[in-house]
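Look at the chain below, and keep its numbering in view while reading. The paragraphs that follow start with its overall build and then turn to single residues.

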Amino acid sequence: MLSDLVNYWPRQVAPFPHMHLFPEPSPELLRRYDTPGPRYTSYPTAPEWSAAFGPDDYAQRLARAGRDSPGDPLSLYTHLPFCKELCSYCGCNVVVAKSTQSAEPYLRAVEAELALAARALGARRQVSQLHWGGGTPTFLSLEQLERLFGAITGHFELLPGAEVAIEIDPVVTSREQLALLRRLGFNRLSMGVQDFDPRVQQAVRRIQPFEQTRELVEVARELGFSTINFDLIYGLPHQTPDSWAATLERVGALRPERLALYSFAYVPKVRPNQRLIDAAALPEGLEKLRLFLLAGRALVGSGYLPVGMDHFALPGDELATAMERGRLSRNFQGYTVASSATVVAFGATGISDLGDTFAQNVRPLKEYSAAVESGRFATERGLALDADDLLRRRLITSLMCNLELNLAHFAESPGAAAERFSVELRELPALERDGLVTTSGPGGLELTLTPLGRLFPRNVAMLFDARLRRSGHGGTFSRTV
């Protein structure tokens, strides 16, 4: 089956040793490492953030970011939470609405927040990365899309060559919307695909015919979008190797420049909509992991390069190039090569990352709107990072992006590194015996994930999570497999 699948895909480069890159762990090893753990889109992770950090703290930190680095570009994120229907698998913060008119009060609030942030940032207004996520941003009408873009560019300056991206649902996105987005300057699309199998789609309440997706991809390429990304999810109800292989074959026919291969995070206690899913239909453990292995081997065998822990890109794509050069980075929107270390987010639940500060907006739309329209930020919680947080953030980011790190780079000398990470160094041999890492260099300070270890980067990163050791929040996270 796998060899047949790989042969379906066009080979633009020589095949990679895909079986070696995606080995299958033993059932015993999988049981040991299939545990709850953070995804590390941030460090410290969200359970460590505090409601003691509020609107005034965020305003001060934002103003400082403007004063201290006035010439550095920004990354802007806008959360547009509206969807016409709620998919049962969804883990995003969404609002179900039928009419675009219901978005009007929210758009006015976002415009108010844009003005607040621009004032706080002062002269720091240049933008190298703009991203709209959701929800379904193309829930908005043509007029609303153009108005929101105009509100952003009225306060901020998009630099030439800026990455301007939007997440879209092919089912609700029209040719006219794509044409408008391209005219405004959007150059990248991320399409939620998840799975093309009809039975799986029915089970997660996301009906998305392949032909509809194919047509939108063709329109996007005709319009000149430079990069198309597909989001796929493995571990959904009723997925089997055969059904998943058929989805991968169809994905291969469309040849997106990038793919994200996400593990389904089944957390019905946190996401009540997931209670609609039949838990007995979910692949788990080795059965679930084999879906990832099947996809990884097929993608690499057809010419894609692995990027980080769960992304793939065609050769020549800047993500693949950054990975090869050890310069890949990561933020709340995924893997990136963006030059900005400062992400300013707008909208309900939006998360800003100022380099040494995290700040998240409230979720309820009425609370969000009332706050920003009264002239205050809608910050619900956040965290100002201390020196150890900043160091471990760089370390964990390096590990999650480049799958290797040298602990000597995180201290004044190799001796200081051995002392600072003495607890971790005592535990590393267990990971090495299990075949997840190799160590080298003086004092064994150089750490590299093996092909087997690349299946468990979250587990390896947890070793360096000092706050997780202290707080014991591990049970609040999804499983690592």
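A residue is called buried when its relative accessible area is under 20%, exposed when it is over 50%, and partly exposed in between, using a 1.4 Å probe and protein chains only. This is a predicted model, in which local features need pLDDT of at least 70 and side-chain atom pairs count only at pLDDT 80 or more, while totals for chains, interfaces and linings use all residues. Residues are numbered from 1 along each chain as its sequence is written, and side-chain values use heavy atoms, with hydrogens and water left out.

Begin with the whole chain. The protein chain contains 18 helices and 19 strands; helices (H or I, at least four residues) and strands (E, at least two) are DSSP runs, numbered from the N terminus. The C-alpha trace spans about 55 × 55 × 40 Å along its principal axes. The radius of gyration is taken over C-alpha atoms, and the globule rule is 2.2 Å times the number of residues to the power 0.38. For 481 residues a compact globule would come to near 23 Å, and the protein chain, at 22 Å, agrees with this.

How much of the chain is buried? Of its 481 residues, 57% count as buried. The protein chain exposes about 19,500 Å², of which carbon and sulfur atoms supply 51%; such areas come from the Shrake-Rupley method with a 1.4 Å probe, and for residues only the protein chains shown count as cover. A contact means heavy atoms within 4.5 Å. Among contacts with a separation of 6 or more, 74% are between residues 24 or more positions apart.

Next, the backbone. Most residues other than glycine have a negative phi, and most peptide bonds are trans. Some places in this model depart from that pattern. The peptide bond from Tyr 43 to Pro 44 is cis, with omega near -5°, and Pro 44 lies in the loop between helix H3 (27-33) and helix H4 (55-68). Another cis bond runs from Gly 134 to Gly 135, with omega near 20°. Gly 135 sits in the loop between strand E4 (126-134) and helix H6 (142-155).

Gln 194 has a positive phi of about 65° although it is not a glycine. It belongs to strand E6 (residues 188-194) and counts as buried because its relative accessibility is 8%. Arg 205 also has a positive phi, near 60°. Arg 205 is in the loop between helix H8 (198-204) and helix H9 (210-223), and at 48% relative accessibility it counts as partly exposed.

Ala 466 is in helix H18 (residues 466-471) and is buried, with a relative accessible area of 10%. Leaving aside residues up to four places away in sequence, Ala 466 touches Tyr 43, Asp 388 and Arg 392. Ala 466 and Phe 421 are 45 residues apart in sequence and 10 Å apart in space, C-alpha to C-alpha.

Now turn to charge. Side chains of opposite charge can pair when their charged atoms come close. A salt bridge is a side-chain nitrogen of Lys or Arg within 4 Å of a carboxyl oxygen of Asp or Glu. By this rule the count comes to 26 salt bridges.

Which parts of the chain does the pair of Asp 434 and Arg 32 tie together? The two side chains meet in a salt bridge of 2.6 Å, N to O. Asp 434 lies in the loop between helix H16 (422-433) and strand E18 (437-440) and Arg 32 in helix H3, so the pair ties together parts 402 residues apart in sequence. Arg 32 is partly exposed, at 38% relative accessibility.

Glu 48 and Arg 467 form another salt bridge, at 3.6 Å, N to O. Because Glu 48 is in the loop between H3 and H4 and Arg 467 in helix H18, this pair ties together parts that are 419 residues apart in sequence. Glu 48 is buried, with a relative accessible area of 16%, and Arg 467 is buried too, at 14%.

Arg 183 forms a salt bridge with Glu 146, the closest N and O atoms being 3.3 Å apart. Arg 183 is in helix H7 (residues 175-184) and Glu 146 in helix H6, 37 residues apart. Arg 183 counts as exposed at 56% relative accessibility, whereas Glu 146 is partly exposed at 37%. Finally, salt bridges that share partners join Glu 163, Arg 188, Arg 258, Asp 317 and Glu 318 into one network.
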